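Dear colleague,

Please find the structure below, together with its sequence.

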Amino acid sequence: MNVATAEKPGTGTGPVQSGDAYFSCQGLQSYYGESYIVQDISFDVKQGEILALLGRNGAGKTSTLRTIARMDDPQLHEGEIWLEGQPLHTMADWQAAQLGVGLVPEDRRIIQGLTVEENLKLAQIEKPLGWTLDRIYEHFPRLAERRRQEAVTMSGGEQQMLAVARALARDLKLLLLDEPYEGLAPVIVQEIEKIVAEIKGLGITTIIVEQNAVAALELADRALILDMGQIVFRGSAREVLDNADLRHEYLAI
Ligand SMILES: Nc1ncnc2c1ncn2[C@@H]1O[C@H](COP(=O)(O)OP(=O)(O)OP(=O)(O)O)[C@@H](O)[C@H]1O
Ligand SMILES: [Mg+2]
C-alpha cells in the first residue's frame, strides 16, 4: 500500500465524517503567531469512541488537542468544532471546559502545595460537576489512599491518575489525553488503560495522543495519523496495527 495515498476514499474504513457526529471538527487551521501548524484538519468521533491521534514528534498532535480545547495557543483561524451540537469554535477554553471538554496535558498540571483531595476539590469549584469525590475514590483506590498526600509527591502514574480523575470531577463529555503513558512503567500503563476503557463504558468520548502507539491502538476504535499538521491516514486502529509500512513511515515503529 502506498502510504502517501492512504487517505484516498476506498482505503481505511471509509469516510470518517458524517452530518450529525457527536464530535466533529472541520477544516481546522491554527497558528502559533505566524507559524501555520494545524493545516486543514477534519474528522468526526462517535459518542463513546476512542480515537488514537498519532504521528511523529512535531506532527501537530498536541497543537490539535489544544485547538479543540480552545486554548489561546495555537490560535484557531479557520474551521469549526462541534460537540453535541454546540459550536466550540466560538468559545473560549473555559466555556469549552464547561461544556465537557477535558484536556489532560502532557505535564498534567497538578497543583503544587495541594493535597490530592484539594486538587480534586479545586476542579469542582465550577459547575457543572461530574463525579463526586466518593465515586472518584471508588474508581481510583490509589488516590483514596493518598488523599491527604501532597499531590506532586506521588509517583508519575498516580499523578496521571489524578489528572484523569480531575477531568472526571467536571461533567466530562470529551476527554483529550496527551501522552498519558509517558514515563510510566508497563504495569501502571495497564492501570490507566483500564480506567480509559471504563470511561468509554460510560459513554465518554476520548481522543488519545501517544508515542506508545501500539498501546494506544490496542485501546482505540479508530486512528488518525498526522504528519506536518495534516491527516495522512484515517481508518480503524486494527488497520494501523496490521500495516507495517504505515507504521514505519509515520510512527517509526
Ligand atoms: N508554542 C509554540 N510556538 C511555536 N511553534 C510551536 C509551539 N508549540 C509547538 N510548535 C510547533 O508546532 C509543531 C507541532 O508541534 P506539536 O507540539 O503540536 O507536535 P506533537 O505532534 O505534539 O509532537 P510531540 O510528539 O513531540 O509532542 C512543531 O513544529 C512545533 O515546533
Ligand atoms: Mg505533543
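I begin with a pair of helices, H6 and H7, the latter covering residues 186–201. Their axes come within 10 Å of each other and cross at roughly 10 degrees. An angle under 35 degrees counts as roughly parallel, and H6 is therefore roughly parallel to H7. The crossing of these two helices is right-handed. On the side of H6, the contact is made by Gly-157, Gln-160, Met-161 and Val-164, while H7 contributes Ile-188, Glu-191, Ile-192 and Ile-195. Sorted by class, the contact of H6 with H7 has 5 nonpolar, 2 polar and 1 charged residues. Please bear in mind throughout that this is a predicted model.

Helix H6 (residues 156–168) also packs with helix H3 (residues 116–123), at an angle of about 30 degrees and with the axes 8 Å apart. H3 and H6 are therefore roughly parallel to each other. H3 passes H6 in a right-handed crossing. From H3, the residues that make this contact are Val-116, Asn-119, Leu-120 and Ala-123; from H6, they are Leu-162, Ala-165 and Arg-166. These residues divide into 5 nonpolar, 1 polar and 1 charged.

I turn next to the sheet. It is an open sheet of 4 strands in the order S2-S1-S4-S5, and the pairing is antiparallel. Which strands lie at the edges? They are S2 (35–45) and S5 (86–87), each of which pairs on one side only. Within the sheet, S1 and S4 run antiparallel and are joined by 7 bridges. In that pairing, Cys-25 has Ile-81 of S4 as its bridge partner. Strand S4 (residues 75–83) is also antiparallel to S5, to which 2 bridges join it. Here Leu-83 stands opposite Gln-86 in S5. The hairpin of S4 and S5 has 2 residues between the strands, and in this hairpin Glu-84 takes a positive phi near 50 degrees.

The open sheet in the order S2-S1-S4-S5, with S2 and S5 as its edge strands, has helix H1 (residues 61–68) packed on it. H1 touches S1 (23–32), S2 and S4, and the direction of H1 makes about 70 degrees with that of S2.

The last topic is the ligand. What surrounds ligand 1? The shell consists of Tyr-32, Ser-35, Ile-37, Gly-55, Asn-57, Gly-58, Ala-59, Gly-60, Lys-61, Thr-62, Ser-63 and Asp-73. S2 and H1 are the elements that give two or more residues to this shell. H1 gives the most, with 3 residues. By class, the shell around ligand 1 has 3 nonpolar, 7 polar and 2 charged residues.

In summary, H1 both packs on the sheet and gives the most residues to the shell around ligand 1. Helix H6, for its part, packs with H3 and has its axis within 10 Å of that of H7.

With kind regards

Key: Residues numbered from 1 in each chain as written. Chains lettered and ligands numbered in written order. Predicted model: local features only at pLDDT ≥ 70, side-chain atom pairs only at ≥ 80, totals over all residues. Axes fitted to C-alpha atoms, helices over the stretch in contact; angles between N-to-C directions. Parallel < 35°, antiparallel > 145°, perpendicular 65-115°, else oblique. Left-handed = near helix turned anticlockwise from the far one by under 90°. Contact = placed C-beta atoms within 7 Å. Nonpolar A, V, L, I, M, F, W, Y, C, P; charged D, E, K, R; others polar. Pairing = 2+ DSSP bridges. Near = placed C-beta within 6 Å.
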